[in-house]
Amino acid sequence: MAGPKKLYIKTYGCQMNVYDSERMAEVMGGAGYVATSRPEDADMILLNTCHIREKAAEKVYSELGRFRPLKEARPDLKVGVAGCVARAEGEEIMRRAGVVDLVVGPQSYHRLPEMEALVRAGKRALDTEFPARDKFEALAARPKARRGPTAFLTVQEGCDKFCAFCVVPYTRGAEVSRPGARVLAEARDLVERGVREITLLGQNVNAYHGAGEDGGDWSLARLIGALSEIDGLRRIRYTTSHPRDMQDDLIAAHGACDKLMPYLHLPVQSGSDRILKRMNRGHDAESYIRLVERIRAARPDILMSGDFIVGFPGETEADFQATLDLVGEVGYGYAYSFKYSPRPGTPAAERDQLGEEIKSERLQRLQALLTRQQRAAQDAMIGREVGVLVEKPGRFAGQMVGKSDHLHAVHVKDASLRPGDLARVEIVESGANSLAGRTIAPLS
Ligand code: SAH
Ligand code: SF4
Ligand code: F3S
């Protein structure tokens with residue numbers, strides 16, 4: 001008899017897609033599929049896609065092209081496109097890429113098993129709607145498989161901010177928060193399965209306002225407070241935040257909650273007020289800088305991380321200089337910077353565009369500065385004592401790798417450490433992309 005059917009999933013884009021891919025693997029597990037890391041062995045291939053920049057969306061089509069010979073050799077192979085490209089392009093994907101049997105948007109993946117049955121019967125299946133039913137609750141009972149020490153947990157999805165450059169409000173829909181009790185139940189389940197660190201996810205996670213267990217409306221700070229009472233959960237992180245939703249109670253939580261880690265991703269995009277306005281960000285450079293000061297007052301060692309866009313329509317050299325100035329003033333431990341990419345259907349795509357050269361040149365200058373800052377922040381860890389959550393063995397014998405409180409990768413030479421241990425480590429060296437440390441004491 002043939003073994004179980006095999007599912008190959010490839011994930012693009014943000015952490016929310018990583019979380020969604022795990023959920024898709026679980027629902028398909030209920031339909032008799034096991035995961036494979038080899039597309040050649042798969043009975044079904046799913047690409048969980050990202051639409052944020054042109055390159056991300058185009059990658060999907062080149063990948064689909066690579067599956068054509070596989071499908072020609074094995075007509076039984078089914079190919080599906082999920083995620084934000086699915087939502088943005090829908091049926092167009094099937095027209096452009098004949099290999100595609102199934103298109104499923106980010107809010108419909110709980111329907112994958114019935115869609116799979118349709119395509120097995122030789123039909124095509126498409127669902128890119130935003131159904132009224134909550135997909136999280138529609139998911140089948142989850143297998144209680146053991147998990148690694150870290151996990152993502154989506155608590156909020158969608159965005160109502162409509163930054164002029166961004167597709168997310170269109171691909172993910174309006175802001176929705178999951179009820180606190182459901183998040184707590186999922187977190188407890190993860191901890192029972194071995195998880196020690198949870199990263200709460202949302203496109204605007206700090207806009208979280210879920211129904212509380214007490215009937216009220218919980219803020220993200222309130223949710224973090226409730227999660228921090230789960231025994232066995234050692235660390236909490238959250239991403240991505242919007243400067244406009246950084247409430248006082250959340251800032252205070254960074255000073256008061258030991259389990260909340262000293263790292264914050266708070267994208268600003270530009271340091272120019274003129275550009276911020278044209279981006280429809282709803283804040284200026286000064287208010288962002290003051291906000292970072294207040295966060296640092298609550299948690300002085302917090303490591304700031306940000307996102308930047310260069311070459312937005314209308315950006316002058318002076319505007320770009322203002323971005324460099326803001327970066328100089330804030331000082332980032334991590335950063336992600338991008339050339340502006342015009343996205344169909346967004347307001348900024350209709351405006352006069354800057355040339356590719358100017359974008360590349362500005363990106364280079366910004367990245368040079370950010371790389372210096374990142375390096376300096378990493379080097380500044382030498383001599384400090386940090387917590388390290390051990391994740392897996394390193395490349396060399398007896399070496400373990402994990403993440404520090406500040407999210408730096410840390411190598412520790414200590415054969416007694418196991419994945420899931422939280423060790424107290426002194427940082428002794430700063431390498432290209434990671435730190436090296438020695439254990440002072442295992443925390444537990
Ligand atoms: N919700 C998050 C961002 C999600 S998208 C937030 O509000 O911060 C992740 C990052 O991609 C953005 O912060 C932005 O820097 C970048 N980005 C989004 N649209 C883009 C576009 N059209 N071109 C270039 N970068 C873009
Ligand atoms: Fe996109 Fe802006 Fe919403 Fe972030 S806040 S997801 S950048 S529209
Ligand atoms: Fe990309 Fe969609 Fe995430 S567009 S960044 S996968 S929300």
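# Reading ligand shells and a domain contact

User: By class, how many nonpolar, polar and charged residues does the shell around ligand 2 have?

Analyst: The shell around ligand 2 has 7 nonpolar, 2 polar and 2 charged residues. Here Ala, Val, Leu, Ile, Met, Phe, Trp, Tyr, Cys and Pro count as nonpolar, Asp, Glu, Lys and Arg as charged, and the others, Gly among them, as polar. A word on the model: it is predicted, with local features needing pLDDT of at least 70 and side-chain atom pairs pLDDT 80 or more, while totals for chains, interfaces and linings use all residues. Residues are numbered from 1 along each chain as its sequence is written, chains are lettered from A and ligands numbered from 1 in the order in which they are written, and side-chain values use heavy atoms, leaving out hydrogens and water.

User: Which residues are around ligand 2?

Analyst: A residue is near a molecule if one of its heavy atoms lies within 4 Å of it. For ligand 2 these are Cys159, Lys161, Phe162, Cys163, Phe165, Cys166, Val168, Pro169, Asn204, His242 and Arg281. Take a look at Phe162: its phi is near 50 degrees, a positive value in a residue other than glycine. Phe162 sits in the loop between strand S8 (156-157) and helix H7 (168-171); helices (H or I, at least four residues) and strands (E, at least two) are DSSP runs, numbered from the N terminus.

User: What surrounds ligand 1, and which residues are the closest?

Analyst: Ligand 1 has 15 residues around it, the closest being Phe165, Gln203, Gln269, Asp307 and Ser341. For polar contacts, look for N or O atoms within 3.5 Å; within protein, one must be able to donate a hydrogen and the other to accept it, and sequence neighbours count only if both atoms are side-chain atoms. A polar side-chain atom of Gln269 is 2.7 Å from an oxygen atom of ligand 1. Arg53 places a side-chain N or O atom 3.0 Å from an oxygen atom of ligand 1, and a polar backbone atom of Phe165 is 3.0 Å from a nitrogen atom of the ligand.

User: Which residues are around ligand 3?

Analyst: They are Cys14, Asn17, Thr49, Cys50, His51, Ile52, Cys84, Arg172 and Gln203. By class, that shell has 4 nonpolar, 4 polar and 1 charged residues.

User: Let's turn to the domains. How much area is buried between domain 1 and domain 2?

Analyst: The size of an interface is often given as the accessible area lost when the parts come together. With a 1.4 Å probe and summing over both parts, the buried area between domain 1 and domain 2 is about 2,000 Å², and carbon and sulfur atoms give 60% of it. The chain is divided into domain 1 (5-127), domain 2 (135-310) and domain 3 (385-442), with bounds from an automatic or database assignment.

Conventions: Buried area is the accessible area (1.4 Å probe) that two parts lose on being put together, summed over both.
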